[in-house]
Protein chains: 2
Amino acid sequence: MFELDMRSRKPIYEQLVDKLKELIINDILKPDEQLPSVRTLAQELTINPNTIQKAYRELEIQGFIYSVKGKGSFVNPIDMKKDTEKMDSVKKELEKLILEALYLGIPADDLIKLIKDLNASKGGGESND
Amino acid sequence: MFELDMRSRKPIYEQLVDKLKELIINDILKPDEQLPSVRTLAQELTINPNTIQKAYRELEIQGFIYSVKGKGSFVNPIDMKKDTEKMDSVKKELEKLILEALYLGIPADDLIKLIKDLNASKGGGESND
DNA sequence: TAAGTGTACTATTATTGTTAGTACAGTTTG
DNA sequence: CAAACTGTACTAACAATAATAGTACACTTA
């Protein structure tokens, strides 16, 4: 389920946060789906449960999951009304990256196409059935 | 010239890298323009010259500046032929952020407009004279 | 009660960020 | 050559952080 780079300078818990965010964003982990428990995942990855918990706690702060004592941790369904702050911060990050891309000489049209493609693959997967 | 947040968890040298990248990308620091020397900037910001050097070294690795012993550090003119690797990595980062933005419910049209605006403000500043 | 969940601690070690100081190599100006 | 500037490369020390290890507690489910 995960591939961690123990030699990386990037902390393990940050790698975990990134991976899990990716799985959630790509809808591989569905809303309200239960994540592996801190102890289970720690055993699978042969790392310490505290490190898992740190990642889960961070994901909870960022609003991607929620945890219930005695039950487990679950994917948090997005709430567009509550998530305006996060939308703003993501937009700011996007601005910086877009400016960098333009600075490097990537055509604006390429970036626009990138968005269109990603947007299409997002909703497009539901055409079958 | 700079505003550093000493209380931030983000290392000072990383803040410096970000600020300088921003100045370069926004064309405030022009190609081949000389940056302040490590000692001068360290004195201005009342931080250690080693920290400045760490930032400059990182910027050199990333291709934004070049340094010449005895002369100084300078903004590196971009070379679209050489920078294909960096373009690819920026595109990958952009993909992740765009997916997150779409996941949060930001309309694709908003993102496209963002690109168009940034692209216009980039070249648009040269119409007057 | 037992076994599973998340959570909260303490302690310890390794790594990293930052400062401080010294030194060396190259450039420029006199 | 000398002086004053540049970048660069070290060592040493301290503070903060990442990660492990271990223990304990609260809650849920069977």
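**Salt bridges within and between the chains**

In this predicted model, Glu100(A) and Lys21(B) join their side chains in a salt bridge, with 3.6 Å from N to O, the term standing for a side-chain nitrogen of Lys or Arg within 4 Å of a carboxyl oxygen of Asp or Glu. This pair crosses between chains, running from helix 4 (residues 84-104) of chain A, which holds Glu100(A), to helix 1 (residues 12-25) of chain B, which holds Lys21(B); helices here are DSSP runs of H or I with at least four residues, numbered from the N terminus. Glu100(A) is buried at a relative accessible area of 9%, and Lys21(B) is buried at 15%, where buried means under 20% relative accessible area, exposed over 50%, and partly exposed in between, using a 1.4 Å probe and protein chains only.

The model is predicted, so local features need pLDDT of at least 70 and side-chain atom pairs count only at pLDDT 80 or more, whereas totals for chains, interfaces and linings use all residues. Side-chain values use heavy atoms, without hydrogens and water, residues are numbered from 1 along each chain as its sequence is written, and chains are lettered from A and ligands numbered from 1 in the order in which they are written.

Within chain B, Asp117(B) and Lys113(B) form a salt bridge at 2.9 Å, N to O, and the two lie 4 residues apart in helix 5 (residues 108-123), a separation of about one helical turn. Asp117(B) is partly exposed at 40%, while Lys113(B) is exposed at 51%.

In chain A, the closest N and O atoms of Lys10(A) and Asp18(A) are 2.8 Å apart in another salt bridge. Asp18(A), at 25% relative accessibility, is partly exposed, and Lys10(A) is partly exposed at 37%. Over all chains, the count comes to 8 salt bridges.
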